[in-house]
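Here is a friendly note to go with the structure below. Please read the points in order, with the structure open beside you.

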Amino acid sequence: MPTPPTDPPPAGPKRADVRRNEQVLLDAAAAVFVRAGVHVPVRQIAAEAGLGMGTLYRHFPTRADLVVAVFKHQVDALAAAPADLAADPPYQALRTWVHRFADFLVTKHGLAEAMHSDQAGFENLHNEFVERLLPVLDRLLTASAAAGSTRPDVRAYDLMLAIGNLCIGVEAFPDYRARQMIDLLLDGLTRTDPATQEHEEP
């Protein structure tokens, strides 16, 4: 009687050099996507990372694979960002996070096209980022309001939608300055001069 087939053993953990190359590629791709959009030639990403095209394709066989991986990489970084910003004054932490979030949205705007054949997968990723990042933004807003820097009646969901709407023009208008518009939005949330408010003596 023939021996029944067995399942292959589970893949072991990635080697340290493989993980390192993957992280270098993701960081490089995120930076290039923000500068030039998700349709940039992948050779520019490989050059930014200082790695060969073969290494890039071994990790990410298609552009969609790369865009999705960068998307998830950025969500992870944004979710962990409050720990990195803990030493900053609350209003400054909020501004820094919001600018990082805006950079992330550049990738998200290209994600739908990259995943045009997987609408359900795109919607799942969208829902995942909202579920993970909305509580982060809410904590940053609450801390800034508690410090007296921003209005306490601003909902995180409303602010997230507003930031997203301000970023839409980046693709259609090359001279559109999304960061400046977002700064105007954040300035409108302030109750007083944040620099003065956060350094006042009690």
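1. **Two crossing helices.** Let us begin with helix α1 (residues 16–36) and helix α4 (residues 63–84), whose axes cross at roughly 95 degrees and come within 9 Å of each other. The axes here are lines fitted to C-alpha atoms, for helices over the stretch in contact, with angles from 0 to 180 degrees between N-to-C directions. Two packed helices are described by the angle between their axes and the distance between the axes. α1 and α4 are therefore roughly perpendicular to each other (65 to 115 degrees; under 35 counts as roughly parallel, over 145 as roughly antiparallel and the rest as oblique). On the α1 side, the contact is made by Gln23, Leu26, Asp27, Ala29, Ala30 and Phe33, and on the α4 side by Leu66, Val67, Ala69, Val70, His73 and Gln74. Contact means heavy atoms within 4.5 Å. Sorted by class, the contact of α1 with α4 has eight nonpolar, three polar and one charged residues (Ala, Val, Leu, Ile, Met, Phe, Trp, Tyr, Cys and Pro count as nonpolar, Asp, Glu, Lys and Arg as charged, and the others, Gly among them, as polar).

2. **How to read the model.** This is a predicted model, in which local features need pLDDT of at least 70 and side-chain atom pairs count only at pLDDT 80 or more, while totals for chains, interfaces and linings use all residues. Residues are numbered from 1 along each chain as its sequence is written, and side-chain values use heavy atoms, with hydrogens and water left out.

3. **The chain as a whole.** What does the secondary structure of the protein chain come to? The count is ten helices and zero strands, where helices (H or I, at least four residues) and strands (E, at least two) are DSSP runs numbered from the N terminus. Of the 202 residues in the protein chain, 37% are buried; buried means under 20% relative accessible area, exposed over 50% and partly exposed in between, with a 1.4 Å probe and protein chains only. The protein chain exposes about 11,800 Å², and carbon and sulfur atoms supply 55% of that area (Shrake-Rupley method, 1.4 Å probe; for residues, only the protein chains shown count as cover). Among contacts between residues at least 6 apart in sequence, 67% join residues at least 24 apart.

4. **Aromatic pairs.** How many aromatic pairs does a search of the whole structure find? There are six, counting rings of Phe, Tyr and Trp (its six-membered ring) whose centres lie within 6.5 Å, with planes under 30 degrees apart called stacked, over 60 edge-to-face and the rest tilted. One of them joins phenylalanine 101 and phenylalanine 129 in a tilted pair, 6.2 Å centre to centre and with 40 degrees between the planes. Phenylalanine 101 lies in helix α5 (residues 90–114) and phenylalanine 129 in helix α6 (residues 119–146), so this pair ties together parts 28 residues apart in sequence. Phenylalanine 101 is buried at 1% relative accessible area, and phenylalanine 129 is buried at 4%. Ring pairs also link Phe71, Trp97, Phe101, Phe104 and Phe129 into a cluster.

5. Alanine 81 is found in helix α4 and is buried, with a relative accessible area of 0%. Leaving aside neighbours within four places in sequence, alanine 81 is in contact with Trp97 and Arg100. Serine 144, in helix α6, is buried at 0% relative accessibility. Beyond four places in sequence, serine 144 touches Pro90, Tyr91, Leu94, Ser149 and Thr150.

6. Arginine 63 lies in helix α4 and is partly exposed at 31%. Histidine 39 and arginine 63 are 24 residues apart in sequence and 8.6 Å apart in space, C-alpha to C-alpha. Not counting residues up to four places away, arginine 63 touches Val38, His39, Val40, Pro41 and Val42.

7. **Leucine 185.** Leucine 185 lies in helix α9 (residues 178–189) and counts as partly exposed at 24% relative accessibility. Apart from residues up to four places away in sequence, leucine 185 touches Leu159, Ala162, Ile163 and Leu166.
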